[in-house]
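Subject: A structure for you to look at

Hi there,

I have a structure to pass on to you, and I hope you enjoy looking through it. Please open it first, and then read my notes alongside it.

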Amino acid sequence: MRYDVAVIGGGPSGAVAAAILAKAGLSTVLIERNLENVKPCGGAIPLGLIEEFSIPEPLVEKKLSHMSVRSPKGRMISMEMPNGYVGMVRRERFDSYLRDKAVRLGADIVEALVREIQQDSSGYTILLSKGLAPIQADFIIGADGANSRTAEELNFPPNELQVIAMQQRFSYCERLKPYEDLVEIWFDGDVSPDFYGWIFPKTDHIAIGTGTEFRKHNLKALQRRFIEKIGITEQPYLDEAAKIPMKPRTSFAQDRAILVGDAAGLVTPANGEGIFFAMRSGKLGAQAMIERVKNNKPLARYEKEFRKLYNQIFFGLQVLQSVYYRNDRLRESFVAICEDRDVQQITFDSYLYKKMVPAPWSVQMKIFLKNIYHLTKGS
Ligand SMILES: Cc1cc2nc3c(=O)[nH]c(=O)nc-3n(C[C@H](O)[C@H](O)[C@H](O)COP(=O)(O)OP(=O)(O)OC[C@H]3O[C@@H](n4cnc5c(N)ncnc54)[C@H](O)[C@@H]3O)c2cc1C
């Protein structure tokens, strides 16, 4: 069978892209290696995403407006989000909802691993596992995650910076009861020397995890220390780990193919947030693809638009990570800055709707001076 577009990878980026393509009347196939796949993920999503993609209520297990951050010395800063919440989803339910939607809108779905992609002047031949017949497509969207086979086969530039993250799921026990309605973030070199640790509640379990730059530190030892420091003696019922690409590839659009989500490296530094950018890039990528197929408009428009919308956020968070995540004294300073109500307001506003909201001049000045004070103290 020959399709207009083959979407490779059925996570949030691929499922969103396939749904939009199919709805626009393009013949679309979504190829996913494992429809039962449970992506290792904290499942925290901002309110802006829930609204934009009309995520049904039952999928959002928790709506959390209370968050605390913990410094290396154990200082706790409590924060309230007055105008919104962080939603918690379970990826096994979330991803299959998005894939089902794509199918309802007319996409075909094939369960197979993409092994190889051959290219000629008219398009692509995609070779699959399980002895399945190859799939022909005029265009490709690579949505196959951090280790993207599509990117490799189509010679996109490499994913430069990767974090490896690990998470364990615990059933609720006495020690974890206080976390039932609370997101907690740990900035502590014992837990992560270059990222952070998180405690995310779901309805039937708590997910606790940490990350570190790929191959630099012993991730299992960091996670063990985290669990000890929290004081949990119960055993987790699930361990999961995966890479997070923390920098956009230098290019993620070609003449007939694009990459979206983790495959393109679209996860923000400092907080490792990827679901929003996966779905947003899936949407922007699919819209550009429709214009390419119907009106021969170049796919480069997709990359340009994504960068225009989000470069500032990626840059800001990159600076934050490289300045404050270097050692425990700087992390201590960072947590101290989080105590400021204006900092909290700006952080939440930009997290919830991914817009850099300009603060009044006096507030900017105050935050700037606080930064200078804490950086001098922390260095
Ligand atoms: C431990 C951890 C915690 C995280 N927590 C959060 C969080 O709380 N909030 C947040 O926003 N982000 C979080 N992230 C990041 C987030 O999970 C990703 O950014 C997001 O899943 C990207 O979606 P995607 O669709 O691009 O890729 P993925 O979700 O990785 O989906 C890729 C899909 O492609 C399939 N696939 C791969 N190769 C092939 C192939 N060759 N053939 C066919 N199919 C293939 C895979 O099976 C998979 O289903 C976390 C990541 C990790 C590792």
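Below I go through the domains and then the ligand.

Please keep in mind that this is a predicted model. The protein is divided into three parts: domain 1 (2–42 + 90–158 + 249–315), domain 2 (62–86 + 161–245) and domain 3 (325–378). As you can see from those ranges, domain 1 is written as separate stretches of the chain. Between domain 1 and domain 3, the C-alpha centres are 35 Å apart. Seven residues from domain 1 and five residues from domain 3 take part in the contact.

There is also a record to compare with. An unreviewed UniProt entry lists the feature "domain: FAD-binding" at residues 3–305. Over residues 3–305, the chain is 25% helix and 30% strand, with 26 Å between the end C-alpha atoms.

Now for the ligand. Which residues come nearest to the ligand? Of the 36 residues around the ligand, these are Ser13, Glu32, Gly42, Arg91 and Asp262. Sorted by class, the shell has 17 nonpolar, 11 polar and eight charged residues. Domain 1 and domain 2 each give at least three residues to this shell.

- Gly42: a polar backbone atom lies 2.8 Å from a nitrogen atom of the ligand.
- Gly274: a polar backbone atom lies 3.1 Å from an oxygen atom of the ligand.
- Asn37: an N or O atom in the side chain lies 3.3 Å from an oxygen atom of the ligand.

How much of the ligand does the protein bury? Taken alone, the ligand exposes 1000 Å², and the protein buries 95% of that.

Happy exploring!

Definitions and conventions. Residues are numbered from 1 along each chain as its sequence is written. This is a predicted model: local features need pLDDT of at least 70, side-chain atom pairs count only at pLDDT 80 or more; totals for chains, interfaces and linings use all residues. Side-chain values use heavy atoms; hydrogens and water are left out. A residue is near a molecule or strand if one of its heavy atoms lies within 4 Å of it. A polar contact is a pair of N or O atoms within 3.5 Å; within protein, one must be able to donate a hydrogen and the other to accept it, and residues adjacent in sequence count only if both atoms are side-chain atoms. Accessible areas come from the Shrake-Rupley method with a 1.4 Å probe; for residues, only the protein chains shown count as cover. Ala, Val, Leu, Ile, Met, Phe, Trp, Tyr, Cys and Pro count as nonpolar, Asp, Glu, Lys and Arg as charged, and the others, Gly among them, as polar. Domain bounds come from an automatic or database domain assignment. UniProt positions are given in the numbering used here, feature names are shortened, and annotations may be inferred rather than shown by experiment. Helices (H or I, at least four residues) and strands (E, at least two) are DSSP runs, numbered from the N terminus. Contact means heavy atoms within 4.5 Å.
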